[in-house]
Amino acid sequence: MLSPHHYFNVFRILGDVSHTVSKCILIWAIHANRSAEGVSLITQILYAVVFCSRYLDLFWTKPSYLPWNFVLKLFYLGSSFYIILLMTRVYARTREREKAWKFGSLCLGGSTVAAPLVLLIFKKWHRYDFDSVMWTLSEILESVCVLPQLILLRQTSVPTVIDSFYLVTLGSYRVFYILNWLVRYFGAEHHFEPIATIFGTVQTALYLDFAWVYWSRQRVKLRNGGVVDSDDLGRGWLVSRIAPRTDPEDEEQPAPFAGQDSREQGSTRGTGKWGPRGISISADDDTAGEAQR
């Protein structure tokens, strides 16, 4: 039997590093811009659910068994809840529409229902226990976690804190993991995990499609960067089918904080309230502009 340290290779390490860096970049961007605008709270909540369901082994696995895994698991859990805290208690964020929350609930509910069925198909009764079901749930859910984020950007017409560095590190995380699976399969271990491979490939496809849209964009909306807008997202193959084009009036209109008076509100509508790098810090409203209706 191979030592657990044989499960590590350069691609596994690069994948973990990329995933960790993506979290750090997002946290830094939110703090630097003093805004969480354009970041999907639904996606971040789903990621927290993914890590909570995947890392149940923290309760019974000794930290000394695999210190690298233990530290990263704690970091992913802590950073996910910290981002949620920043978005709900500290900085302004883009409020997502009700149907976006329903879509997020559908992703969570569908993954929960599919998990035991998928596990039964691929593992039969060999590993059919609660821990395995929760791990399978995390793999399925993570593959669709990014969808609320894509839909939010599809509806957003103002600058966001998401930039290319975050997208590249987040997307490369799964690409490196696929290479890690190939090395483990064709190497001495001859290990193949069909569930992780299938849903990891689905997740990677979504990231690659979105990356193509991002890098092929034609309009730059930040002073020192760029974001994807609704016209750009219509150029993607997967994204355009997941988030079909809507009426231009359905796009986001930035609104002031609830505490501003009418004169401040009028000024904000005319000129906008912008933080560092041109990020709006006054868009704590829904993407449909329903507050004005």
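Student: Which residues of helix α4 are called buried?

Tutor: They are Ala-100, Gly-104, Cys-107, Ser-111, Ala-115, Val-118, Leu-119 and Lys-123. Buried means under 20% relative accessible area, exposed over 50%, and partly exposed in between (1.4 Å probe, protein chains only). The model is predicted: local features need pLDDT of at least 70 and side-chain atom pairs pLDDT 80 or more, while totals for chains, interfaces and linings use all residues. Residues are numbered from 1 along each chain as its sequence is written, and side-chain values use heavy atoms, without hydrogens and water.

Student: Why does Ser-22 count as buried?

Tutor: Ser-22 lies in helix α1 (residues 10-33). Its relative accessibility is 1%, so Ser-22 counts as buried. Leaving aside neighbours within four places in sequence, Ser-22 is in contact (heavy atoms within 4.5 Å) with Tyr-166, Thr-169 and Leu-170.

Student: What makes the pair of Tyr-185 and Phe-186 edge-to-face?

Tutor: Rings of Phe, Tyr and Trp (its six-membered ring) pair if their centres lie within 6.5 Å; planes under 30 degrees apart are stacked, over 60 edge-to-face, and the rest tilted. This rule gives eight aromatic pairs. For Tyr-185 and Phe-186, the centres are 4.9 Å apart and the planes form 80°, hence an edge-to-face pair.

Terms used:
Helix = DSSP H or I, 4+ residues; strand = E, 2+ residues; numbered from the N terminus.
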